[in-house]
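Take a moment to look at the fold before reading on. Follow the chain from one end to the other.

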Amino acid sequence: MTTTTAPAAATVAPALRRLYFVRFGFALIWAVVLFLTASSIGPVSAALLVIYPLFDVGAAVVDARSSRASRSALGLYVNIAISVIAAVGLVFAVTSGIPAVLQVWGVWAVVAGLVQLIVALRRRDLGGQWAMIASGAISTLAGISFLLQAAAPHASLSNLAGYALLGGIFFLVSALRLGRNASRSAGGSN
């Protein structure tokens, strides 16, 4: 890490760590509740499906505010726009059925996964980003899977719960790695 990136990393990493812990907690609770209601689209599952991308918008806003000076801010603004579009698309998709939800979610997962991958690659110098790199790649593949599932008979929302839970675990791993890297830096070793 250079002297010009050290101050930025010192302020961005703790904010990211807190945000990643919150994202893990949200994903865990969201996944459990969605899994329990995944057999059909009812009021609870419909609300959950729209809330998830809106939470992503809020998290990206917090992230962008703490990362203004970094190269990742542009990707975060793109993610905000993509997630707002996904939320609006899901408002309509929940009235059309599970295949429509899987189609919207699939497109969102592909595009957001690619954006997450790019942002994480730009943040490599912060440390703890390998999980975010993997998460972006997996999100892209999962999105393709959701698109394929939408065309299959007996499509289900339960895979979305697994997707969110796995994403939450990646946020937890990154938060823990960021904390570990901060401890190493404070101890004087890189």
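Predicted model: local features only at pLDDT ≥ 70, side-chain atom pairs only at ≥ 80, totals over all residues.

The protein has six helices and zero strands. Along the sequence, its pattern reads α-α-α-α-α-α. Of the 190 residues, 45% are buried. The accessible surface comes to about 9,300 Å². Carbon and sulfur atoms account for 71% of that surface. Now consider the contacts between residues at least 6 apart in sequence: 76% of these join residues at least 24 apart.

Next, find helix 3, residues 73-93, and helix 4, residues 98-122. How do their directions compare, parallel or antiparallel? The two helices pack at an angle of about 175 degrees, and their axes lie 9 Å apart. An angle over 145 degrees counts as roughly antiparallel. Helix 3 and helix 4 are therefore roughly antiparallel to each other.

Which residues meet there? Helix 3 brings residues including Leu76, Val78, Ile82, Ala86 and Leu90. Helix 4 brings others, among them Val104, Trp105, Trp108, Val111 and Val115. In this contact, 15 residues are nonpolar, four are polar and none is charged. Gly75, Asn79, Ser83 and Gly89 of helix 3 also take part in the contact.

Finally, turn to helix 5, which covers residues 130-150. Its 21 residues reach 30 Å from the first C-alpha to the last. That is close to the 30 Å expected at 1.5 Å a residue. Which of its residues are buried? Among them are Met132, Ser135, Gly136, Thr140, Phe146 and Gln149. Ala131, Ala142 and Ala150 in helix 5 are buried as well.

Key: Residues numbered from 1 in each chain as written. Heavy atoms only, no water. Helix = DSSP H or I, 4+ residues; strand = E, 2+ residues; numbered from the N terminus. Buried < 20%, exposed > 50% of the residue type's maximum accessible area, 1.4 Å probe, protein only. Contact = heavy atoms within 4.5 Å. Areas by Shrake-Rupley, 256 points an atom, 1.4 Å probe, with all protein chains shown as cover. Axes fitted to C-alpha atoms, helices over the stretch in contact; angles between N-to-C directions. Parallel < 35°, antiparallel > 145°, perpendicular 65-115°, else oblique. Nonpolar A, V, L, I, M, F, W, Y, C, P; charged D, E, K, R; others polar. Expected span 1.5 Å × (residues − 1).
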